[in-house]
Amino acid sequence: ADKIVHTGDTNTAIRFPSADTFTIETGGSERLRIASDGSATFTTSGGDDAVLIKGDTYTTLKIQSARDSANNKAFIQLHASRGSNASPTIIQNGDIVGTINARAYDGNSYASMSDINFEVDGAPGDGDMPGRIVFKTSTDGSQSPSEKLRITSAGALQISGADDQDNLLVKGVGTGFAVHQDDTDGEV
């Protein structure tokens, strides 16, 4: 009485486990749960296409928030741990917490062209999670993004580039550029 089963495929079902909540099961396992408050939880084995949105025209993923407070906003969270979801353990220095990866079709496959990595930048502990952001791009003739820009947990900006290029170029009418030195090591 609490589920709808597909004829001939009894391990695929829509189930109603409690009031105003339903689940979708495939292969005998819960894959989607929509709770009474409207929250949705997808459970997958992971992989490149765990959630795939496809379109033959302009395709957008939108998160929209309308609140009357400056602190409430649209929000994307990338969570990571070691261990498992059921039993997470502390993440380690250097671990990648999440990546935004851009790929483009090269005539044969979708090749990687750039990444933004969110990484642990020091020893984490309870209430202490130092982080850095690493920007990577692929050079001409490659599909393996390499680091070009890093923002460390200390706020340092590190630029990696070719020796024969302008690695930092500021352009524009009336563009100003200033370097401020507030330490005594003599480096600018």
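In what order do the five strands of the open sheet that includes S1 run? Some notes on that and on the rest of the chain follow.

1. To answer the opening question: the order is S1-S2-S3-S4-S5, and the pairing is antiparallel. Strand S1 (3-6) and strand S5 (40-42) sit at the edges with a single partner strand each, so one side of each has no neighbour in the sheet. From one strand to the next, the twist averages 20°. Bear in mind throughout that this is a predicted model.

2. Overall make-up next. Of its 188 residues, 12% are buried. Accessible surface comes to about 14900 Å², and carbon and sulfur atoms hold 49% of that. Take the contacts with a separation of 6 or more: residues 24 or more positions apart account for 13% of them.

3. Back to the sheet that starts with S1, going pair by pair. S1 and S2 are joined over four bridges in the antiparallel sense, and histidine 6 stands opposite aspartate 9 in S2. As a reminder, strands of a sheet pair through backbone hydrogen bonds, either parallel or antiparallel.

4. Have a look at aspartate 20, in the loop between strand S2 (9-18) and strand S3 (21-26). Its phi is near 60°, a positive value in a residue other than glycine. Most residues other than glycine have a negative phi. Is aspartate 20 buried or exposed? Aspartate 20 is exposed, because its relative accessible area of 67% is over the 50% cut-off.

5. S3 and strand S4 (residues 29-34) make an antiparallel pair over five bridges. Threonine 26 has serine 29 in S4 as its bridge partner. The hairpin of these two strands has two residues between them, and glycine 27 there takes a positive phi near 60°.

6. S4 then pairs with S5, again in the antiparallel sense, over three bridges. Here arginine 33 has threonine 41 of S5 as its bridge partner. This hairpin has five residues between the strands, and glycine 38 in the turn shows a positive phi of about 90°.

7. Another open sheet of five strands runs S8-S9-S10-S11-S12, with antiparallel pairing. Its edges are strand S8 (96-105) and S12, each with a single partner strand, so one side of each is left without a neighbour in the sheet. Neighbouring strands are turned by 20° against each other on average, direction ignored.

8. Within that sheet, strand S10 (residues 131-137) and strand S11 (residues 146-151) pair in the antiparallel sense over five bridges. Which residue of S11 is the bridge partner of lysine 136? That would be glutamate 147.

9. Finally, the surface. Ile151, Leu157, Ile159, Leu168 and Val170 form a nonpolar patch, with about 430 Å² of accessible area together. Valine 170 lies in the segment after strand S12 (157-159). With a relative accessibility of 40%, valine 170 counts as partly exposed, because that class covers what falls between the 20% and 50% cut-offs.

Key
Residues numbered from 1 in each chain as written. Predicted model: local features only at pLDDT ≥ 70, side-chain atom pairs only at ≥ 80, totals over all residues. Heavy atoms only, no water. Patch = residues over 30% accessible without salt bridge, like charges linked within 9 Å, V, L, I, M, F, W, Y side chains within 5 Å. Areas by Shrake-Rupley, 256 points an atom, 1.4 Å probe, with all protein chains shown as cover. Salt bridge = Lys/Arg side-chain N within 4 Å of Asp/Glu carboxyl O. Buried < 20%, exposed > 50% of the residue type's maximum accessible area, 1.4 Å probe, protein only. Pairing = 2+ DSSP bridges. Axes fitted to C-alpha atoms, helices over the stretch in contact; angles between N-to-C directions. Contact = heavy atoms within 4.5 Å.
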